[in-house]
Amino acid sequence: MSKKTWLEKKLDLWAEDAEFLTEEKILDFTERVVLEMEKKGISRAQLAASLGKSKAFVTKLLKGDANIT
């Protein structure tokens, strides 16, 4: 039987926490957006222009500082 680390124990506690799960999904989404931008050679400025938003907003969004909704 292996001993769980502090982090593993906390993750087990948070496994059903709605706020934790929401933040996890937001992080997954933003990471996928960044990967796609890199694959396609799209800058934050280009993404912002295509969304009709400011570059600052896109930067905040991708850093997790903005409300994703």
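In this predicted model, Glu-8 is partly exposed, with a relative accessible area of 38%, and its place is in helix H1. The C-alpha atom of Glu-8 is separated by 32 Å from that of Glu-38, a residue that lies 30 positions away along the chain. A further separation was computed for Phe-20 and Glu-38, which are 18 residues apart in sequence and whose C-alpha atoms are 27 Å apart in space. For Lys-3, which is found in the segment before H1, the relative accessibility is 80%, so that this residue counts as exposed. Between Lys-3 and Gln-46 there are 43 residues of separation along the chain, and their C-alpha atoms are 48 Å apart.

Helix H1 comprises residues 6-14, and Leu-13 is found in it. With a relative accessible area of 63%, Leu-13 is exposed, since the cut-off for that class is over 50%. Leu-13 also belongs to a nonpolar patch on the surface, which it forms with Trp-6, Leu-7, Leu-11 and Trp-14. Taken together, the five residues of this patch have about 560 Å² of accessible area. Trp-14, another member of the patch, has a relative accessible area of 35% and is therefore described as partly exposed.

The aromatic residues were examined next. A pair of aromatic rings is described by the distance of the centres and the angle of the planes. When the whole structure is searched, 1 aromatic pair is found. This pair consists of Trp-14 and Phe-20, whose ring centres are 5.5 Å apart and whose planes meet at 35 degrees, so the arrangement is tilted. The word follows from the angle, because planes under 30 degrees apart would count as stacked and planes over 60 degrees apart as edge-to-face, while the rest are tilted. Phe-20 lies in helix H2 and, at 26% relative accessibility, counts as partly exposed. An aromatic ring is also involved in a contact with a charge, as the charged end of Lys-53 sits over the ring of Phe-57, at 5.5 Å from the centre of that ring.

Helix H2, which comprises residues 18-40, contains Thr-30. The relative accessible area of Thr-30 is 6%, and this residue is therefore buried, the limit for that class being under 20%. The side chain of Thr-30 reaches the backbone oxygen of Leu-27, with a distance of 3.0 Å.

Asp-12 counts as partly exposed at 43% relative accessibility, and Lys-4 counts as partly exposed at 45%.

Glu-36 takes part in a salt bridge with Lys-39, in which the closest N and O atoms are 3.1 Å apart. The side chain of Glu-36 also meets that of Lys-40 in a salt bridge, with an N to O distance of 3.9 Å. In this way Glu-36, Lys-39 and Lys-40 are linked in a network of salt bridges. The spacing of these residues along helix H2 can be described in terms of turns. Glu-36 and Lys-39 are 3 residues apart in helix H2, and they are therefore separated by about one helical turn. Glu-36 and Lys-40, being 4 residues apart in helix H2, are likewise separated by about one helical turn.

How values were computed. Residues are numbered from 1 along each chain as its sequence is written. This is a predicted model: local features need pLDDT of at least 70, side-chain atom pairs count only at pLDDT 80 or more; totals for chains, interfaces and linings use all residues. Side-chain values use heavy atoms; hydrogens and water are left out. Rings of Phe, Tyr and Trp (its six-membered ring) pair if their centres lie within 6.5 Å; planes under 30 degrees apart count as stacked, over 60 as edge-to-face and the rest as tilted. Buried means under 20% relative accessible area, exposed over 50%, partly exposed in between (1.4 Å probe, protein chains only). A charge sits over a ring if NZ of Lys or CZ of Arg is within 6 Å of the ring centre and within 35 degrees of the ring normal. Patches are made of residues with over 30% relative accessible area and no salt bridge: like charges are joined within 9 Å, nonpolar side chains (Val, Leu, Ile, Met, Phe, Trp, Tyr) within 5 Å. Accessible areas come from the Shrake-Rupley method with a 1.4 Å probe; for residues, only the protein chains shown count as cover. A salt bridge is a side-chain nitrogen of Lys or Arg within 4 Å of a carboxyl oxygen of Asp or Glu. Helices (H or I, at least four residues) and strands (E, at least two) are DSSP runs, numbered from the N terminus. A polar contact is a pair of N or O atoms within 3.5 Å; within protein, one must be able to donate a hydrogen and the other to accept it, and residues adjacent in sequence count only if both atoms are side-chain atoms.
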